[in-house]
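Good morning, and thank you for coming. Please look at the sequence and the structure on the screen, and I shall then take you through several of the features.

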Amino acid sequence: TALACVLQCFFCQRAQQSCSSSRASPELSEACPVEMVKMTKSKTFQAYLPNCHRTYSCVHCRAHLANHDELISKSFQGSQGRAYLFNSVVNVGCGPAEERVLLTGLHAVADIYCENCKTTLGWKYEHAFESSQKYKEGKFIIELAHMIKDNGWE
């Protein structure tokens, strides 16, 4: 059956290998194009946010990024437009910290990216050099261009 073929191809872990390999049975080889395997592989995220909460997800791969309850401010500016400031985020990786002069002064920031699709989303404030900006330390900026609202926004 097609399902058996998909499972066979999925476990072989070779994206370019067709189902006519020696591992697949001959009767399954005709019904199992490589494209079918690519479409049926599901995304696995490091963390899933509860479906009962309003969440923000990566616009490129739909990985969960933040719970609406973690939103601090909607009035931030990213490098590519408007951005939101969050207390915490999930499914993101963090690059090395570097000093940047932003609209509000000198900060040490580290770019953050989606762990699933590797798109740069914004940055994390590692250190604020001005006392009035200390509240940003340890917080995250995600640009609106890279996120979408999910779950219960009606």
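The residues that line the largest pocket divide into six nonpolar, six polar and two charged. Please keep in mind throughout that this is a predicted model. The pocket holds about 220 Å³ of space. Its lining has 14 residues, and those closest to the centre are Phe76, Gln77, Leu103, Thr104 and Tyr125.

Which strand gives the largest share of this lining? That strand is S3, with four residues. At least two lining residues come from each of strand S3 (71-78), strand S5 (92-102) and strand S7 (120-128).

The protein chain has three helices and nine strands. Starting at the N terminus, the order of elements is α-α-α-β-β-β-β-β-β-β-β-β. Of its 154 residues, 40% count as buried. Among contacts with a separation of 6 or more, 46% are between residues 24 or more positions apart.

What are the pairings of S8? Strand S4, residues 81-86, pairs with S8 in the antiparallel sense over four bridges, and Phe86 of that strand stands opposite Phe140. S7, which also contributes to the pocket lining, is joined to S8 by three bridges, again antiparallel. Here Gly122 has Ile142 as its bridge partner. In general, strands of a sheet pair through backbone hydrogen bonds, either parallel or antiparallel.

Finally, there is an open sheet of three strands, in the order S2-S1-S9, with antiparallel pairing. Why is one side of S2 and of S9 left without a neighbour in the sheet? Strand S2 (64-67) and strand S9 (147-150) stand at the edges, and each has a single partner strand, so one side of each has no neighbour there. From one strand to the next, the twist averages 30 degrees. S1, residues 55-58, is joined to S2 by three bridges, and Thr55 stands opposite Asn67 in S2.

Thank you for your attention.

How values were computed
Residues numbered from 1 in each chain as written. Predicted model: local features only at pLDDT ≥ 70, side-chain atom pairs only at ≥ 80, totals over all residues. Heavy atoms only, no water. 1 Å grid on protein atoms, 1.4 Å probe; cavity = no way out; pocket = protein on both sides within 12 Å on 5 of 7 lines; lining within 4 Å. Points joined across faces, edges and corners; volume = space filled by probe spheres on them. Nonpolar A, V, L, I, M, F, W, Y, C, P; charged D, E, K, R; others polar. Pairing = 2+ DSSP bridges. Axes fitted to C-alpha atoms, helices over the stretch in contact; angles between N-to-C directions. Buried < 20%, exposed > 50% of the residue type's maximum accessible area, 1.4 Å probe, protein only. Contact = heavy atoms within 4.5 Å.
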